[in-house]
Amino acid sequence: MTNKNLIDLEAMSVKQIDKLVKKAKKIMQSPADYRHACDGKILATLFYEPSTRTQMSFQTAMLKLGGRTIGFDNPMNSSVAKGENLKDTIAVISGYSDIIAIRHPTEGTAMAASLYSEVPVINCGDGGHLHPTQTLTDIVTLSCEKGRLDHLKIGVCGDLLNGRTVHSLIKALSKYEGNSFVLISTPELSVPIYIIDILEKNHCRYEISNSLAEAVKDLDMLYMTRIQRERFGSEEDYQAQKDVFVLDKEKLSNAREDMIILHPLPRVNEITVEIDDDPRALYFKQAQYGMFGRMALILLLLQDEDFVLNERDTFVSEHHCKNARCITQSEDYLPRRSYEKLGMQMCDFCDKRMD
Ligand code: CP
């Protein structure tokens, strides 16, 4: 096991995030200097769920650093289709590669994978839980485009319940001084309570809004998200939520000229295409910044001995995690790892309460 896994941005200090942003900017300025930085290294991309940006930007990042890539983007073309469990897949792949990037539809999978890997594991999205490298993408974009990561008024809009990118973003930006948040969603898709806990613990101001037209008026950054159709229990529930918040020219006319619009993508129709030509619309540029952020991350995890991520104290609980979407439900050999928060036992894989 290695302590260089990026599972949750909570494990990265502000100093480490700033170090990564600085490295990403250096790579952007002189990419030729890094052309052979990872010669001979192999990145494995294990994508159990569809992806365009995360998978290809990781692959491109490693290729631009001189390394090579292996992996799958459809587990049904791997021995997963024959019933191989996660533990065995990871034990084998970690013998073939120097670093693993994994996406999976089940919460806590990257954490589970890290228990059986000899090489660093990067969480590229685990169900509706977390997506830390998207947040690094967002942070590199913010730093380059706004020139700072603090004292920002940030609007997040859409599926704040299932949107893992939003959870990771709020967790990271709440560590910076003076940031405040406007949480724009329907009551059904509001942020999980543990995210509110984090905002309160970090003394961040936040407000809850159900009007995008109103909320957009005084923001430094608007972060739009897609309604996550694949996380809904029924099509009827999805239909009731889709298209509630759509950013169009009329609503954008209320916003400041220096507000920037980010979106992790893919977009469905929550931003009309007419907005794409507005200079404030930075979501395609954001995807490119993500590649540089991921180059920086690979370098720090593989080459910087001081870049050691924080690990929380865990213990084995007498309880089983009750979250139906947690990896412990399907991979039954996993230990009942738990950590303590405010007197409660939390699942170390999915961060839901166990007791
Ligand atoms: N933002 C993001 O995660 O995009 P992909 O699903 O295409 O990787």
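## Strand pairing

Two strands count as paired if DSSP finds at least two bridges between them, and the strands themselves (E, at least two residues), like the helices (H or I, at least four), are DSSP runs numbered from the N terminus. The model is predicted, with local features needing pLDDT of at least 70 and side-chain atom pairs counting only at pLDDT 80 or more, while totals for chains, interfaces and linings use all residues. Residues are numbered from 1 along each chain as its sequence is written, and side-chain values use heavy atoms, leaving out hydrogens and water.

Strand E11 (residues 337-341) pairs with E12 in the antiparallel sense over four bridges, and Lys341 stands opposite Met344 in E12. The open sheet has three strands in the order E10-E11-E12, with E10 (315-316) and E12 (344-347) as its edge strands.

## Nonpolar cores

A nonpolar core is a set of buried Ala, Val, Leu, Ile, Met, Phe, Trp, Tyr and Cys residues joined through side-chain atoms within 4.5 Å, where buried means under 20% relative accessible area (1.4 Å probe, protein chains only). The largest core has 63 residues, among which Met12, Val156, Ile170 and Leu183 touch the most other members. Its largest share, ten residues, comes from helix H11 (residues 283-303).

A second, separate core of 26 residues includes Ile90, Ala113, Val119 and Cys326.

Notes
Buried < 20%, exposed > 50% of the residue type's maximum accessible area, 1.4 Å probe, protein only.
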